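Biologist: I am new to protein models, and I would like to learn how to read one feature by feature. Could you take me through this one slowly?

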Amino acid sequence: MSNVNWNNGQLITLEQGMTATCNGNLNPGQLYCLFFYNAAQNDADTTVSVVWSNSQPPVLVKVPGTTGRQGLASICFVNGDQTNTVSAAVTGGQPGASIQAFIGSVKMPIDTSGINNKELPANGQPQPLKAFTRYYDVPASHWYQAQVQSDIDQFIFVQMQEQKAVVNIVNKLVDPSNIIAYAGDAQQYVTINSSDYQLLSWSLQGNGRQFVWINADSVQNSQNATISLQSLSSLYAAQMGNNS
């Protein structure tokens, strides 16, 4: 058995018998998403036990098996109003298990080693949305248009604010509930948003607070995916300038 210090929410690898603990570092008023990728060299499913309360049973998160680390993430939401500590464990009896994991939120991961952590420009230009990528932006107090495009079926990514999250699905084929888990009351802060097409577009209103977008899909499914953010105020100003 071995324990991993997960206080910075960094990308880690958990194998059979290992536990990672983020101790006292979750903030009230913030929602957190734990991302789990199956990195085993076999196609066996792995169950991760997420402990968030001494009085409630662990949340069991099934991470589907895959070969060559080609699977998408399973995710688990945790509410910082209910706990300031969370741990994830791969228990015994799962030989060969290997899980890559990190914590996503407007705060985390604090240590972004192994994560592509970038500011998303609000200029409407498509940016690559590859696996293990976290984009952030602090939109001003006006309307924006966001857009993700992918030619892969069931492409999944997460948009997060302080205590809200949207699980977005491009080219939806099936119900994603088998890869989404919730600790405590976290589900009430999460919305599922899907599109049957290769393009998912939505409006968002800035309020001077940070938005975060995190890829939850596999490496190969993310090769051609893009995300863009357009300030509608800037777009309107540009159009007025062209018409003058």
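This is a predicted model: local features need pLDDT of at least 70, side-chain atom pairs count only at pLDDT 80 or more; totals for chains, interfaces and linings use all residues.

Modeller: Residues are numbered from 1 along each chain as its sequence is written, and side-chain values use heavy atoms, with hydrogens and water left out.

Biologist: Which residues of strand S2 are on the covered face, and which on the uncovered one?

Modeller: In a regular strand the side chains alternate between the two faces of the sheet. Strands here are DSSP runs of E with at least two residues, numbered from the N terminus. In S2, residues 12-15, Ile12 and Leu14 make up the covered face, whereas Thr13 and Glu15 make up the uncovered one.

Biologist: With which strand does S2 pair, and in what sense?

Modeller: Strands of a sheet pair through backbone hydrogen bonds, either parallel or antiparallel. Two strands count as paired if DSSP finds at least two bridges between them. S2 pairs with strand S9 (residues 98-104) in the antiparallel sense over four bridges, and Thr13 stands opposite Gln100 in S9.

Biologist: What is the order of the strands in the open sheet?

Modeller: The six strands run in the order S10-S12-S19-S14-S15-S17, with mixed pairing. S10 (116-119) and S17 stand at the edges with a single partner strand each, so one side of each has no neighbour in the sheet. Within this sheet, S12 (residues 133-137) and S19 (residues 211-215) pair in the antiparallel sense over four bridges, and the bridge partner of Tyr136 in S19 is Val212.

Biologist: How many aromatic pairs are there?

Modeller: Rings of Phe, Tyr and Trp (for Trp, its six-membered ring) pair if their centres lie within 6.5 Å; planes under 30 degrees apart count as stacked, over 60 as edge-to-face and the rest as tilted. The count comes to seven aromatic pairs. One of them, Phe35 with Phe102, is stacked, at 4.8 Å centre to centre and 5 degrees between the planes. This pair links distant parts of the chain, with Phe35 in strand S4 (residues 31-38) and Phe102 in strand S9, 67 residues apart. Phe35 and Phe102 are both buried, where buried means under 20% relative accessible area, exposed over 50%, and partly exposed in between, with a 1.4 Å probe and protein chains only.

Biologist: Why is the pair of Phe157 and Trp202 tilted?

Modeller: The ring centres of Phe157 and Trp202 are 5.8 Å apart and their planes stand at 35 degrees, so the pair is tilted. Phe157 lies in strand S14 and Trp202 in strand S18, so the pair ties together parts that are 45 residues apart in sequence. Both Phe157 and Trp202 are buried.

Biologist: Where is the cis peptide bond?

Modeller: The cis bond joins Met108 and Pro109, with omega at about 0 degrees, and Pro109 lies in the loop between S9 and S10.
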